[in-house]
Amino acid sequence: MEMPTPRPERLARKDELAEALRRHLSADAVIDAPAELRAYECDALAAYRCPPMLAVLPSTTEEVAQVLRLCHAMGVPVVPRGAGTSLAGGALPTADSVILGVARMNAVLEADYDNRVVRVQTGRTNLSVSGAVEEEGFFYAPDPSSQLACAIAGNIAMNSGGAHCLKYGVTTNNLLGVTLVMMDGTICEIGGAHLDAGGLDLLGVICGSEGQLGVVTEATLRILPKPEGARPMLLAFDSNEVAGACVSDIIKAGLLPVAIEFMDRPCIRACEAFAHAGYPDCEALLIVEVEGAEAEIEEQLSRIAEIARRHDPLELREARDADEAGRIWLGRKSAFGAMGQINDYMCLDGTIPVTELPYVLKRIGELSEDYGLGVANVFHAGDGNMHPLILYNANTPGDLEKCEAYGADILKLCVEVGGCLTGEHGVGIEKRDLMWHQYAAADMEAQMAVKDVFDPAWLLNPAKVFPLDASEGRRAAPVAAE
Amino acid sequence: MRAETEAELAEMIVGAEGPLRIRGGGTRDVGRPVDGAVLETGGLSGISLYEPGALTMVAGAGTPLAEIEAALAAEGQRLAFEPGDWRGLLGSEGASTIGGVVAANVSGPRRIQAGACRDFMLGVRFVDGAGRIVKNGGRVMKNVTGYDLVKLMCGSWGTLGVLTEVSFKVLPVSEATGVLLCEGLDDVAAVKALSRALGSPWEVTGAAHLQKGLDGAPVTMIRLEGLEASVAYRTEALRERLADIGDFTVETDPDRTAAGWRYIGDVEPFQGRSGDVWRVSVTPSDGPGVVARIDGAEAVYDWGGGLIWLLVPEGQRAAEIRQAVADVGGHATLFRASEAMRRQVPVFQPQPEPLARIEAGLRAKYDPRGILNPGLMG
């Protein structure tokens, strides 16, 4: 993965910038010691590492504005960082950039139950937003797998989803307002606690812009009343095609489960060996979860079971209590850990029309043989968001490159069948160079034009999302106003 | 001018020598009046893909909304964001198009639970003001590949580009509907009831309050949808929970409940009546206070009280409404008024400085000559 060469004129001003930053931030909020900077050299896409020139940990929106103003004046790029859990390299620095971490800004500013919104600082972790409102019977819906660790800032940057977004939507559907600091230090208030922000839908374009338009320091999020109960059902099939057809029939029948998760045989075996969840040994496994009061759950599950039986499932297991429900989810939730135990892996995130599931799974299997790399599939089947996990060995020379080539082929396949490169992880650096497969020049130009407006000097997370050859002219622009 | 293909539309825009008024079905004359040559999109019509099992549809922007709704109904599905029909309110004729719905982000009562039009949009194709054909998003449910221009286009009222194709998510029609009704509540009590209902675990899909119902008395309405037994259970549970606020009755007749929510979504109470109509968006808690500050206004509350349709004497109250909204946070749109009034008063809430600058910057990028519905949004 190519990154722009660090510019000597930026590196030369490291001490000057650190000193200027220390005039505005507390001493421990400006990090310049090489050993400490190592903590910021990568995110969860750990195959790529590069310590930044400096890292700063501001505590207020005003401090964020100061940091950006200073970096803007010196023409130094800034890479915003939430909790560093990006799987796409969204928070990977370059050697001539400053990491701006929002981790110290993690307060709940207001919880308004009458209007069902919560205002938080964006360094707060996803799960702890729900934690702050659960006593009143509410929760924050988007639930990425990393929710224990990931920050709302990163959720907004990547428009994160999760297992339950089939029903509740992704971040953008649950975000009502933000405080955004632009690269020149301007602080913008967009939207609020009302349901539709006025004017153009700037919130819509900021959410998912991967930290390239501004740094979001506060957010107003919708919270929802917790359902009375939820229960999963496990369905086992002897082919991916049949499992895929069952998913389609459940959706067509007008039932709207909160989640439909899909695992293929390699994934089932790995999870079983790791977590001993008691999964049947089969080709494809579905976990379907529904919500509501007890009687509602019963009725929905019985209808889903009726549809499933038409597809001759090998097994149909309904959780009878919380313990059984926990066991059904146990394997799925430990999928990533289970795969990590076998080898290094790369997690993809392409999304396809659900009707293409069987074909795409078959092709992924064929490609696996061509490349000689194992793959396991676990994904959100209701919305076609695939997560193939490709196994490789980081210590074997050439294996990473082979894995990347395989991954690229899978993602191109997703695009070919009418899908996209990434459903919820973001482009970052990981899918950056594949963007030409998704978009034509005019499509890319229209997106980059948005960044031109928010960040004319292209200093915010500049080497991400757009292929370097597409953004070259913009990034090469002379350094901002001195 | 009327384009039959996307390429033709692009040529027309490239060749335009002055401002263009973009027109789908011509049913939503909202905004500052635009002087310019009419550019019609009705030729870009037709459903090109509909996969009920994937809950997705792709259609030309000029496709009549009625055609889309009929195709969905045949499969037991619908546009869950419940776009309203504004012809009666605005006194317009013609047939609404899906492109017009998207351009105006038209979202009805179910917005509070299912989401707005913008939340259902999966992809767009459009021609910008320089004649460039652009696509963004696609036809899959989850997509974070690059910036979300789909949402930027949705609700931009044709000022950034002319939509040629949209793809969107659809949802199954609910098996049953139950509506809780209560007469006689004042605004504050009504919003309290709506907030309590929306804060319950019973998935309210409509929460509205009319200051004057059909017989002149205030009516508060709460809708629940889903499987029949589940709706029965939840309406009863909710009725009990609201008993200390008011005595709610239950209506389950499909025609009557559908008509009741059309009454709200299409703003029927203000149809055929003189006066200006404002659309106000604030938090539900702030709603009654804002309404109380406007002399002689009549209000229809939707979205749990956060969306307020206000009928006020013609040509009056603009300053009071804008001030009342500014004081609590939110925005107000002068939705229906004479052309003269709409030229004089900003129709959309003027944006504060950094946002106004960003919006102007985006318009300059997408429409460098300033020819697409210029000035419509202010």
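Me: What covers the buried residues of α5(A)?

Reply: This is a predicted model, in which local features need pLDDT of at least 70 and side-chain atom pairs count only at pLDDT 80 or more, while totals for chains, interfaces and linings use all residues. Residues are numbered from 1 along each chain as its sequence is written, and chains are lettered from A and ligands numbered from 1 in the order in which they are written. Helix α5 of chain A spans residues 126-133, helices (H or I, at least four residues) and strands (E, at least two) being DSSP runs numbered from the N terminus. The cover of its buried residues includes β5 (108-112), β6 (117-121), β7 (138-139), α6 (152-158) and β10 (215-222) of chain A.

Me: Which residues of helix α5 of chain A are buried?

Reply: A residue is buried if 20 or more other C-beta atoms lie within 10 Å of its own, exposed if 12 or fewer, and partly exposed in between, with C-beta atoms placed from the backbone. In helix α5 of chain A, the buried residues are N126(A), V129(A), S130(A) and V133(A).

Me: Why do the buried residues of α5(A) line one face of the helix?

Reply: The arc is that of the directions from the helix axis to the C-beta atoms. Seen down the axis of α5(A), the buried residues line one face because they fall within an arc of 95 degrees.

Me: Where does the largest share of the side of domain 1 of chain A that touches domain 2 of chain A come from?

Reply: An automatic or database domain assignment sets the bounds; for chain A it gives domain 1 (8-103), domain 2 (108-225), domain 3 (230-335) and domain 4 (343-436). Between domain 1 of chain A and domain 2 of chain A, the contact (C-beta atoms, placed from the backbone, within 7 Å) takes 15 residues from domain 1 and 22 residues from domain 2. The largest share of the domain 1 side, six residues, comes from helix α4 (residues 61-74) of chain A.

Me: What radius of gyration does chain A have?

Reply: The radius of gyration is taken over C-alpha atoms, and the globule rule is 2.2 Å times the number of residues to the power 0.38. For 482 residues, a compact globule would be near 23 Å, and chain A agrees with this at 23 Å.

Me: How many residues of chain B are in contact with chain A, and which element of chain A gives the most to that contact?

Reply: The contact joins 73 residues of chain A to 67 residues of chain B. On the side of chain A, nine residues come from the element that gives the most, α17(A).

Me: How many helices and strands does chain B have, and what share of its residues is buried?

Reply: Chain B contains 14 helices and 17 strands. Of its 378 residues, the buried share is 57%.

Me: How far apart do the centres of domain 1 of chain B and domain 2 of chain B lie?

Reply: In chain B, the assignment gives domain 1 (6-172), domain 2 (176-265) and domain 3 (268-344). Eight residues of domain 1 of chain B are in contact with 10 residues of domain 2 of chain B. The C-alpha centres of these two domains are separated by 31 Å.

Me: What pLDDT does chain B average?

Reply: The pLDDT is the predictor's confidence in each residue, from 0 to 100. In chain B, 100% of the residues score at least 70, and the average is 97.

Key. Contact = placed C-beta atoms within 7 Å.
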